[in-house]
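I opened the model to look up charge pairs, the chain interface and helix packing. My entries follow in the order in which I checked them.

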Protein chains: 2
Amino acid sequence: MAQRHLDPTDPTAEVVTGDALAAYLRAQATEFLRALRLHRETGGANGGASARDRSSARESGAVESVDAARALRRSARRISGSLHTFRPLLDSGWSEEIRPELAWLSGTLGLEHAYEARLERLLLALQRLSGVTVFPAQAVTAAAAPEGPGGPAAPDPTPERGNLTVGAAKAGALLERQLTLARTRAHSTALQALGSSRFHAVADKVAVLASEVPLTPTAPTTDLRPLAAAAEERLTDAITALPLVVAGHPYNAEALVHGLSPDPSPHPQDGPWHQVRLLLRLHRYAQEVLHAGNKPVDVRLLAAGQALNRHRDASEAAAAAAQAARTPRIAPATAYALGVLHADQRHEVEAARFAFQQAWQKQIVSAP
Amino acid sequence: MAQRHLDPTDPTAEVVTGDALAAYLRAQATEFLRALRLHRETGGANGGASARDRSSARESGAVESVDAARALRRSARRISGSLHTFRPLLDSGWSEEIRPELAWLSGTLGLEHAYEARLERLLLALQRLSGVTVFPAQAVTAAAAPEGPGGPAAPDPTPERGNLTVGAAKAGALLERQLTLARTRAHSTALQALGSSRFHAVADKVAVLASEVPLTPTAPTTDLRPLAAAAEERLTDAITALPLVVAGHPYNAEALVHGLSPDPSPHPQDGPWHQVRLLLRLHRYAQEVLHAGNKPVDVRLLAAGQALNRHRDASEAAAAAAQAARTPRIAPATAYALGVLHADQRHEVEAARFAFQQAWQKQIVSAP
């Protein structure tokens with residue numbers, strides 16, 4: 001599995017030293033500051049209202065703000081990941097101080113978007129499960145077009161719900177209520193975080209990093225490749241421990257085992273996959289450091305990463321559906337729809353594992 | 001796709017005439033009468049009580065009776081199917097009279113077993129979804145072993161339910177109630193049918209068939225193979241119309257579309273697959289007539305048929321779970337468990353289609 005250019009014993013390969021790491025960290029820190037400036041300019045006030053409630057006047061600002069938050073998290077993850085992988089080359093006191101702060105920032109800023117995406121995923125699944133195929137443009141057209149004489153009368157004011165059963169519609173409304181509330185809270189928390197002294201301390205540290213990387217004295221002459229190879233090895237070890245043979249058999253029905261378990265967090269089986277997702281990311285960032293953006297995107301690594309993102313999203317959406325079903329005093333039809341939805345998302349989990357297995361096996365086969 | 005020995009234009013192939021059909025029908029009629037005698041001897045009184053309630057004294061008689069009913073249906077299906085495929089070779093008035101009667105008999109006798117199997121499938125799925133793996137032997141041991149001091153106290157008198165959530169346990173109890181009732185009714189109907197003059201008329205006709213097959217005058221010199229080839233062509237045409245490309249992509253999520261549809265019979269998509277199941281059976285019986293039991297079992301045809309049986313069973317189990325969820329005044333937790341169960345069985349439907357596609361594609365590839 002070890003790729004040729006990562007082999008530290010190969011004397012012909014070009015040596016990449018701590019200088020490359022410093023350049024990468026400076027570039028990411030600059031990205032971070034740019035995104036932060038953009039985020040402040042656009043106000044960062046897109047939250048608290050669902051996408052469809054936003055007035056178009058605020059729309060572009062909101063979109064830019066979402067992009068800025070994403071860019072902020074993107075560079076925070078890369079800085080944090082590189083500090084982890086290339087730990088021995090950096091001032092340990094400094095990097096141990098900044099890493100948890102970057103993780104806190106990335107987590108806090110990501111939560112709002114995660115709730116929004118989760119709600120969207122679940123509502124789309126409810127429509128799919130009801131045999132309704134609504135494209136956003138269609139929904140708008142249907143809502144805007146006046147009902148002609150003899151045309152079908154819409155009993156429901158929201159046209160996209162017209163064809164749902166009572167149970168599916170109620171389940172959708174319940175999820176929307178719960179996840180919008182969570183999202184609004186996450187938005188407030190993110191706003192508070194961005195105004196906090198804790199955040200300003202992180203921003204100051206990143207500003208320093210943009211010009212001055214605290215390398216150890218020996219770092220400029222140390223080869224980065226053994227550390228990058230170690231990151232890759234941690235990834236491949238974790239993947240070896242995954243039940244890939246089972247995942248490679250379609251319809252193994254593994255992901256829904258414990259689907260009705262009394263355990264409130266019934267999916268410890270997802271843990272190793274989430275872990276691989278993080279290790280895959282660290283491996284990708286280490287490659288970015290080594291190749292300084294000169295290497296073409298590894299399509300299969302990308303496919304594997306996307307499968308694991310989908311795995312995580314479906315796993316969390318399934319948990320949200322199960323959680324909503326525990327709401328007291330809901331109607332049986334609502335609970336039934338949530339049960340179908342939960343199982344559907346757990347099958348998405350299984351499908352994502354299959355997709356990962358397929359992507360990863362390809363990689364092994366094509367390796368020299 | 002047409003196999004060589006079925007090609008009616010091939011002059012070197014051995015000609016199979018109406019005499020082979022007559023021999024096959026006589027053999028099946030004899031089987032039918034043998035099974036009927038066995039069924040009368042064993043009393044046919046296994047129904048009305050669930051498997052676990054049967055006392056072991058009645059056990060062997062009940063098992064024999066189930067076997068006898070199965071053998072009765074088995075030969076009834078074969079007679080009926082052969083009359084259909086080789087219609088032109090038989091006295092049309094006679095065969096048009098007996099075919100619906102055989103279908104009625106086979107359907108009436110099969111219903112009781114179908115309800116029993118459906119309940120078993122659903123209860124096993126509920127246990128699987130709860131992460132409980134109970135093998136029948138284990139369950140018996142657990143029930144028989146006295147609880148030692150310090151051993152876990154079983155709050156539930158039925159140990160196999162000990163680890164289910166309230167929702168799963170209640171869903172299981174509801175399904176057991178509903179399907180046992182349906183099964184008891186089917187048992188009474190079957191008993192009534194076996195005592196009816198309608199049944200005696202069928203039995204008399206089959207008794208005549210065992211010695212004397214009403215062939216047309218030209219049948220003994222007519223080649224059976226064009227008719228068998230036509231049956232195979234009907235099968236391959238129906239399979240060509242199936243969405244096999246979709247089914248061949250694992251996790252296509254097709255089977256659960258309409259899973260929450262307000263339509264009470266939301267799965268018209270299953271129809272073509274059920275139809276192929278029947279046509280596959282007719283093709284298999286036609287092969288039996290042609291080869292008089294001298295041909296080894298076609299493993300792939302068998303695999304395809306098993307996949308379609310599983311498709312039918314899962315489709316009907318999913319419908320039973322959805323139906324149970326419409327019971328008034330059930331608890332939300334029960335409805336949730338039934339929703340998960342319904343989705344699980346619909347995924348079984350999808351898995352069965354995938355299995356069929358795999359089995360069938362193999363067959364095409366390996367054909368000369």
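Entry 1, salt bridges. I counted a salt bridge wherever a side-chain nitrogen of Lys or Arg lies within 4 Å of a carboxyl oxygen of Asp or Glu. By that rule I get 28 salt bridges over all chains.

I noted the ground rules before going on. This is a predicted model, in which local features need pLDDT of at least 70 and side-chain atom pairs count only at pLDDT 80 or more, while totals for chains, interfaces and linings use all residues. Residues are numbered from 1 along each chain as its sequence is written, chains are lettered from A and ligands numbered from 1 in the order in which they are written, and side-chain values use heavy atoms, with hydrogens and water left out.

I then looked at one pair. A:Lys205 forms a salt bridge with A:Glu97, with the closest N and O atoms 2.7 Å apart. The pair links distant parts of the chain, 108 residues apart: A:Lys205 sits in helix H6 (residues 197-209) of chain A and A:Glu97 in helix H3 (residues 92-129) of chain A. Helices here are DSSP runs (H or I, at least four residues; strands are E, at least two), numbered from the N terminus.

How many residues of chain B are in contact with chain A? I find 37 residues of chain B in contact with 37 residues of chain A, contact meaning heavy atoms within 4.5 Å. The two chains bury about 3,100 Å² between them, 73% of it on carbon and sulfur atoms. Buried area is the accessible area (1.4 Å probe) that two parts lose on being put together, summed over both. B:Tyr251, B:Leu260 and B:Tyr336 supply 31% of the area that chain B buries against chain A, more than any other three residues.

The axes of helix H1 (residues 18-41) and helix H9 (residues 271-291) of chain A come within 8 Å and cross at roughly 110°. Axes are lines fitted to C-alpha atoms, for helices over the stretch in contact, and angles run from 0 to 180 degrees between N-to-C directions. H1(A) and H9(A) are therefore roughly perpendicular to each other (65 to 115 degrees; under 35 is roughly parallel, over 145 roughly antiparallel, the rest oblique). The contact is made by A:Ala20, A:Leu21 and A:Tyr24 of H1(A) with A:Tyr285, A:Glu288 and A:Val289 of H9(A). By class I count five nonpolar, no polar and one charged residues. Nonpolar covers Ala, Val, Leu, Ile, Met, Phe, Trp, Tyr, Cys and Pro, charged covers Asp, Glu, Lys and Arg, and the others, Gly among them, are polar.

In chain A, the axes of helix H7 (residues 225-240) and H9(A) come within 9 Å and cross at roughly 155°. That makes H7(A) roughly antiparallel to H9(A). In chain B, helix H7 (residues 225-240) and helix H9 (residues 271-291) pack at an angle of about 155°, with their axes 9 Å apart. H7(B) and H9(B) are therefore roughly antiparallel to each other.
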